[in-house]
Amino acid sequence: MERRLTAIRTERVTDTVYQVLRERIVERQFPPGSKINVDEIARQLDVSRTPVHEALAMLATDGLVEVRPRRGTFVTEFTATDYAETLDIRRALELLACETAVDNATPADIAELRTLVDGMPEVVKNASSTAEAARLHDAKNLEFHMKLVGLAGNRRLIALYADLRAHLQIARAHTATGWLERVPEETREHREIVDALELRDVAALKTALDAHLRRSAASLIGDISRAEGREGSSR
């Protein structure tokens, strides 16, 4: 009898290029407004132009780059208004997630959320620099909110929320002058969210989460608006 071989599955080159470019944009290694050099990217990644063009088309769908006819492809420049709209959608999705998260969360899930909250001030205190503290804190904060949304058990809701992640990361990459001073307040807010979840009190959970996200959004938009003002005055 002929032996059948198991198919070898490899990641598409386009997907790899997409992930690399997306990461560079989120980390602002490709600054907002900068032009994407397709030939240079293809050369550095040792691929043809085709997967680069395909990856850029995917990034355009994500809203991270924009194609300008006869001019080229550029990294999207977001304004404070753009971010405010994204944060409004984020808040709506997280509040919707609360409705089923209270029923789905296990004691282990709640313990994991508490561990994440407790770890946020620790990474800030132990970081070797302010930049590292911001990066590690943001990573734990994102993990906390992704975990909370994941408890909804709604795949479409989770996918929609994940699509916002890159935009939120780019927004938080702005220099936030007062974020360090807000860590104790943010920690208290996160603990109130977990407490309400543990009580299975959907109204209290929504109240705590709504207050936290509104305060966080106002702080972030303020940071971005001030950054825009500085950038505008330097031109």
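This is a predicted model: local features need pLDDT of at least 70, side-chain atom pairs count only at pLDDT 80 or more; totals for chains, interfaces and linings use all residues.
## Overall build

The chain contains nine helices and two strands, and, read from the N terminus, its elements follow the order α-α-α-β-β-α-α-α-α-α-α. Of its 235 residues, 40% count as buried. The accessible surface of the chain amounts to about 13600 Å², and carbon and sulfur atoms account for 52% of that area. When contacts in the chain between residues at least 6 apart in sequence are considered, 76% of them join residues that are at least 24 apart.

## Contacts around H145, H212 and R90

H145 belongs to helix α6, and because its relative accessibility is 0%, below the 20% limit, H145 counts as buried. Once neighbours within four places in sequence are set aside, H145 is in contact with R90, E94, Y161, H190, L209, H212 and L213. For two of these partners there is also a polar contact between side chains: H145 is joined to E94 at 2.9 Å, and H145 is joined to H190 at 3.4 Å.

H212 is found in helix α9, and with a relative accessible area of 2% it is buried, so H212, too, falls under the 20% limit. With residues up to four places away in sequence left out, H212 touches H145, E186, E189, H190 and I193. The side chain of H212 makes a polar contact of 2.6 Å with the side chain of E189, and another of 3.3 Å with the side chain of H190. H190 therefore has polar side-chain contacts within 3.5 Å with H145 as well as with H212. The C-alpha atom of H212 is separated by 9.6 Å from that of R91, although these two residues stand 121 residues apart along the chain.

R90 is placed in helix α4, which covers residues 80-104. The relative accessible area of R90 is 9%, which is why this arginine is classed as buried under the 20% limit. Apart from neighbours within four places in sequence, R90 is in contact with N141, H145, Y161, L164, L168 and L213. Its side chain and that of Y161 are joined by a polar contact of 3.4 Å. Y161 and L213, both partners of R90, are also in the list of residues that H145 contacts.

| Side chain | Partner side chain | Polar contact |
|---|---|---|
| H145 | E94 | 2.9 Å |
| H145 | H190 | 3.4 Å |
| H212 | E189 | 2.6 Å |
| H212 | H190 | 3.3 Å |
| R90 | Y161 | 3.4 Å |

## The largest pocket

The largest pocket has a volume of about 990 Å³. Its lining is made up of 33 residues, and A134, R135, D138, Q169 and R172 are those that lie nearest the centre of the pocket. At least two lining residues are supplied by each of α1 (13-26), α6 (130-150), α7 (155-172), α8 (183-198) and α9 (202-233). Helix α6 gives the largest share, with 11 residues, and α6 is also the helix in which H145 lies.

Two residues other than glycine have a positive phi angle and are placed in loops. D46 has a phi near 60° and sits in the loop between α2 (38-45) and α3 (49-62); because its relative accessibility of 71% is over 50%, D46 counts as exposed. R200 likewise has a positive phi of about 60°, and its place is in the loop between α8 and α9. With a relative accessible area of 36%, R200 is partly exposed, because this value lies between the limits of 20% and 50%.

A204 lies in helix α9, and its relative accessibility of 30% makes it partly exposed. The C-alpha atoms of A204 and E192 are separated by 8.9 Å, these residues being 12 apart along the chain.

Technical notes. Residues are numbered from 1 along each chain as its sequence is written. Side-chain values use heavy atoms; hydrogens and water are left out. On a 1 Å grid over the protein atoms alone, a cavity is a set of points where a 1.4 Å probe fits but cannot get out, and a pocket is an open set with protein on both sides within 12 Å along at least five of seven lines; lining residues have an atom within 4 Å of a point. Grid points are joined across faces, edges and corners, and a volume is the space filled by probe spheres set on the points. Helices (H or I, at least four residues) and strands (E, at least two) are DSSP runs, numbered from the N terminus. Buried means under 20% relative accessible area, exposed over 50%, partly exposed in between (1.4 Å probe, protein chains only). A polar contact is a pair of N or O atoms within 3.5 Å; within protein, one must be able to donate a hydrogen and the other to accept it, and residues adjacent in sequence count only if both atoms are side-chain atoms. Contact means heavy atoms within 4.5 Å. Accessible areas come from the Shrake-Rupley method with a 1.4 Å probe; for residues, only the protein chains shown count as cover.
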